[in-house]
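Me: I'm new to this one. Can you walk me through the fold, a piece at a time?

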Amino acid sequence: TGFGSAFDGSHTLAPSPDGKPLAHAIGAAMREASASPAEVGYVATHGCGTKLNDRSETRALHAAFGAAA
């Protein structure tokens with residue numbers, strides 16, 4: 001189990017479009033858990049279902065997990 005946190009200050013209400021802050025948090029959680037991307041079996045995203053959040057989360061997952069995404 002690992003925990004990661006990042007604060008996205010790109011906009012008051014919208015996430016960073018490139019997903020980098022979230023990818024940073026995912027990477028921190030994997031490092032804390034000593035887990036590789038291939039070892040992660042499940043990711044629960046924020047799930048509010050907006051185009052902006054979905055795009056940011058998808059980009060973050062691809063950045064953090066690479067080919068394992």
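Me: What covers the buried residues of α1?
Reply: The cover includes α2. First, some ground rules. This is a predicted model, where local features need pLDDT of at least 70 and side-chain atom pairs count only at pLDDT 80 or more, while totals for chains, interfaces and linings use all residues. Residues are numbered from 1 along each chain as its sequence is written, and side-chain values use heavy atoms, with hydrogens and water left out.

Me: Which residues of α1 are buried?
Reply: Ala23, Ala25, Ile26, Gly27, Ala29 and Met30. Buried means under 20% relative accessible area, exposed is over 50%, and partly exposed is in between (1.4 Å probe, protein chains only). Helices here are DSSP runs (H or I, at least four residues), strands are E runs of at least two, and both are numbered from the N terminus.

Me: How far apart are the end C-alpha atoms of α1?
Reply: They are 20 Å apart. The expected span is 1.5 Å times one less than the number of residues.

Me: And α2, how many residues does it have?
Reply: It has 15. From first C-alpha to last, α2 reaches 21 Å, close to the 21 Å expected.

Me: Which residues are buried there?
Reply: In α2 they are Asn53, Ser56, Glu57, Ala60, Ala64 and Phe65. They fall within an arc of 135° seen down the axis of α2, so they line one face of the helix. The arc is that of the directions from the helix axis to the C-beta atoms. Lys51 and Ala63 are exposed on the other side of α2.

Me: What do the buried residues of α2 pack against?
Reply: Against α1. Contact means heavy atoms within 4.5 Å.

Me: Which residues make up the largest nonpolar core?
Reply: Six of them: Ala23, Ile26, Met30, Ala60, Ala64 and Phe65. α1 and α2 each supply at least two residues of this core. A nonpolar core is a set of buried Ala, Val, Leu, Ile, Met, Phe, Trp, Tyr and Cys residues joined through side-chain atoms within 4.5 Å. In soluble globular proteins, nonpolar side chains tend to be buried together.

Me: What does isoleucine 26 touch?
Reply: Ala60, Leu61, Ala64 and Phe65, leaving aside neighbours within four places in sequence.

Me: New topic. Where is serine 16, and is it buried or exposed?
Reply: Serine 16 is in the segment before α1. Serine 16 counts as buried because its relative accessible area is 8%. It touches Asp8, Ser10, Pro21 and Ser56, not counting residues up to four places away in sequence.

Me: What polar contact does its side chain make?
Reply: One of 2.6 Å with the side chain of aspartate 18. A polar contact is a pair of N or O atoms within 3.5 Å; within protein, one must be able to donate a hydrogen and the other to accept it, and residues adjacent in sequence count only if both atoms are side-chain atoms. The side chain of aspartate 18 also reaches the backbone nitrogen of lysine 20 at 3.0 Å.

Me: Last one. Which residue just after α1 takes a positive phi?
Reply: Serine 34, at about 55°, although it is not a glycine. Most residues other than glycine have a negative phi. Serine 34 lies in the loop between α1 and α2. At 66% relative accessibility, it counts as exposed.
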